[in-house]
Amino acid sequence: MCAAPRPGAPRASPGSAIPRGCRLRAPVYGSGAPTGGGAARRDMRGPGAARSGRGDHPESDVATYAIGDIQGCHDSLLALLERIDYRRGRDRLLLAGDLVNRGPRSVDVLRWARDQGDSVEAVLGNHDLHLLGCAAGVRRARRHDTFQDVLAAPDREELLAWLRARPLVVREGSALLVHAGLLPPWTAAQAEELAREVEAELRGPRGAALLADWSGAPRAWRGDLAPAERRALALSAMVSIRCVDRAGAMEPAFKGPPGDAPPELVPWFDHPGRRSRDVRVVVGHWAALGLHLAADVAAIDTGCVWGGRLSALRLDGGAGGDEVIDVPGLAVPPPA
Ligand SMILES: [Mn+2]
């Protein structure tokens, strides 16, 4: 079954095979009906392939994976690395952002990521930015935040410096990695240019002001936005967009599954005016959407911290279809 997710989100994603052809049907969102079972591997090329978790590529081959929102789930991360047979110095991992918060071991996830050198890149997510804002004293931690382990760590400054140096957008071949998504009017090249502008701002003397609040940004893109508005909207969209209205403006309140969205809203990647369809935009952030794979978008936040799963999507696989490997998420999810 390739059914739309049921209402009530976030939910656990299923643990067995995604039917072939699921990605070709539109608009169908999410990863299909829960089927249970312990087989975590989803390989769209069918049975027999990839028992090692590295597809039908030789063990010595380099592999590139995008990994969904880890959110402090260090145990799930280590389990996933084992499943994909990750080796530092050989493979490349692109983390979709939200490395920290809500889960139990944010500091260990950051230490691991920092120690991987060029083998790991990560884009900044809203939780990562919230941590940076709290560390800078321009945001206040909220009741359910769990990144105090980072703030209290002896190597805190080093970890925060690593995190602050992460980009908002990464291009890897025909894939473009960003935490939440892109505004429909942006081309991929424009999104990269905007990301570089916002990254420079975040690292500069005015970075704290942007970290303090990006949510008050305008919600619709215009060519004549003032620089500060432009950067705030770009940041807001890259780390928090889910649905847009018919005019392409962000609608920040709706966080549920797309099937439950009000009729005037559409997922950003399905807006008819979207200009970034020539790349495959790889995102996390939208746990209620779940795994959603199409030619021009791959959403891979499968709700690890919410009792779902942590997923890795192979980016350099063959033409046989998508290969997704996942492992169980946090057994006892935090308060929503
Ligand atoms: Mn997020």
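Colleague: What makes β7 and β9 a pair?

Modeller: Strand β7 (residues 243-244) and β9 pair in the antiparallel sense over 2 bridges. Two strands pair if DSSP finds at least two bridges between them, so they count as a pair. Strands (E, at least two residues) and helices (H or I, at least four) are DSSP runs, numbered from the N terminus. C243 stands opposite P267 in β9. This is a predicted model, where local features need pLDDT of at least 70 and side-chain atom pairs count only at pLDDT 80 or more, while totals for chains, interfaces and linings use all residues. Residues are numbered from 1 along each chain as its sequence is written.

Colleague: Why do β8 and β9 stand at the edges?

Modeller: The open sheet has 3 strands in the order β8-β7-β9, with antiparallel pairing. β8 (250-251) and β9 (266-267) each have a single partner strand, so one side of each is left without a neighbour in the sheet.

Colleague: Why is α2 called roughly perpendicular to α5?

Modeller: The axes of α2 (residues 106-114) and α5 (residues 156-164) come within 10 Å and cross at roughly 65 degrees. Axes are lines fitted to C-alpha atoms, for helices over the stretch in contact, and angles run from 0 to 180 degrees between N-to-C directions. Angles under 35 degrees count as roughly parallel, over 145 as roughly antiparallel, 65 to 115 as roughly perpendicular and the rest as oblique. That makes α2 roughly perpendicular to α5.

Colleague: Why are α6 and α8 roughly perpendicular to each other?

Modeller: The axes of α6 (residues 188-203) and α8 (residues 227-240) cross at roughly 105 degrees, and they are therefore roughly perpendicular.
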